[in-house]
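Hi,

Here's the structure I said I'd pass on.

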Amino acid sequence: MNSFKAYFKIAKKYSGVSFMYLVIFFAIAIVLVTYTDKNTPQAFKSTKVDIAVYDKDHSDFSEALYQYLDDTQSIIELEEDDSVWKDYMYTHEVEYILIIPEDFGNRMENGDAENSLISYQAPGSKYSMFVEMKINNFLKLFDVYMELGNSSEEAYRLTKDTINQGVEVDMKTKQTEEISYHSMYFRYISFILPSILILGVTPCIGAFSRKEIQKRISCGKTSYMERNIQITFATVIHCMIFPIILVLAGIFLYRNIMNGTQMLIYLCNVVMHTLTCFGLTFAISRFLPSDNVRSMVANVYSLGSAFLCGVFVDRVYLPDSVLAVGHAFPAYWYMDLNEIVKDWNGSSEQIGILGTSLFIQLAFAVAFLCFGFAVGKKIKK
């Protein structure tokens, strides 16, 4: 069992990186599962800005403007003293100051009210321009309704009704009761598992593939077949440690909301994805990349497949072109099965998806292994 022991001596050297990824995964997964969609707003609402208004005109126009701002913004009463409101603006207790001059009403009637209002904005304020836009829209509409012969009260009502005829904006989100936390947990496994195996297992397989190592161990009394069996057995055990930890943690966290069938399907899906990641890891190890290159490959592959296959972003938000590219990654088929487990009822359609997803992942694993053997043979030549 010398090769078996030697394998795990190498694995011990890289175990820190693998378990670091596990700890990060558990931390992120728990945060996402615990807080996602808990406080998601169901509709868009306009923000009220703290402003101060000084009406020196007291005409129908100025009173209508003041009333509109009082309805749509938060007016704070301040003394009409420069030193007072400047202090408030400096501390952002007030974002916008509006002064309505004495001749504002007359200028509105004569159609010469442009640039007649005096305004001040808090330094660095991101809300002031929205207040100004609302003021300009209101004055234009109010002036039109007044010219049509309406009273100031009627013109104000019509203006406000017109402004409020906006497009309703709803947040596209899932209802809290529809969230399947165990599904969210297992979906992120397809992101973290490739990184763990590429960084933790690749250097172990690669070490035995080096020519100088092969020459040395070939001098021992262990036969070639026995040596490969030991290395293969050690690799399988090493690869299965991490998915077992992930699956057991998921079952422990969500044992009260998952039934036995769901647990079994999640287990099969994770095991099959582990085989796929093992095949990919074996293929990468044929190139014997350095630690830096391995880290780059692990991050690029994991992040790329996660974004393209709907791990980080639900597929409903992804364009068809992105999903078409995602078909080329095993994580896409992993996600296909993961999405239906939460509502598993054993229908023929779901069983078909289960068989297709597991079979294609297995096909990816075989393809990666064949590619790895072909590359290894080519390199030896």
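Residues are numbered from 1 along each chain as its sequence is written, and side-chain values use heavy atoms, with hydrogens and water left out.

**Confidence**

The average pLDDT (the predictor's confidence in each residue, from 0 to 100) is 79 for the protein, and 83% of the residues score at least 70. Where pLDDT is low, the predicted coordinates should not be read in detail.

**The overall picture**

The protein has 15 helices and 4 strands; these are DSSP runs numbered from the N terminus, with helices being H or I of at least four residues and strands E of at least two. Of the 381 residues, 42% are buried, meaning under 20% relative accessible area with a 1.4 Å probe, protein chains only.

**Helix α2 and its partners**

Helix α2 (residues 60–72) packs against helix α5 (residues 128–147) at about 135°, with the axes 11 Å apart. Axes here are lines fitted to C-alpha atoms over the stretch in contact, and angles run from 0 to 180 degrees between N-to-C directions. That angle makes α2 oblique to α5 (under 35 degrees is roughly parallel, over 145 roughly antiparallel, 65 to 115 roughly perpendicular, and the rest oblique). Residues of α2 in contact (heavy atoms within 4.5 Å) with α5 include F61, L65 and L69, while F138 and F142 are among those on the α5 side. The contact of α2 with α5 has 10 nonpolar, no polar and 3 charged residues.

Helix α6 (residues 152–163) also packs against α2, at an angle of about 35° and with axes 10 Å apart. Here D60, A64, Q67, Y68 and D71 of α2 meet S152, Y156, K160 and I163 of α6.

Is I265 buried or exposed? I265 is buried, with a relative accessible area of 6%. You'll find I265 in helix α11 (residues 260–285). Beyond its neighbours within four places in sequence, I265 is in contact with L337, V341, W344 and L354. I265 and L354 are 89 residues apart in sequence, yet 8.4 Å apart in space, C-alpha to C-alpha.

Cheers

Definitions and conventions: Predicted model: local features only at pLDDT ≥ 70, side-chain atom pairs only at ≥ 80, totals over all residues. Nonpolar A, V, L, I, M, F, W, Y, C, P; charged D, E, K, R; others polar. Buried < 20%, exposed > 50% of the residue type's maximum accessible area, 1.4 Å probe, protein only.
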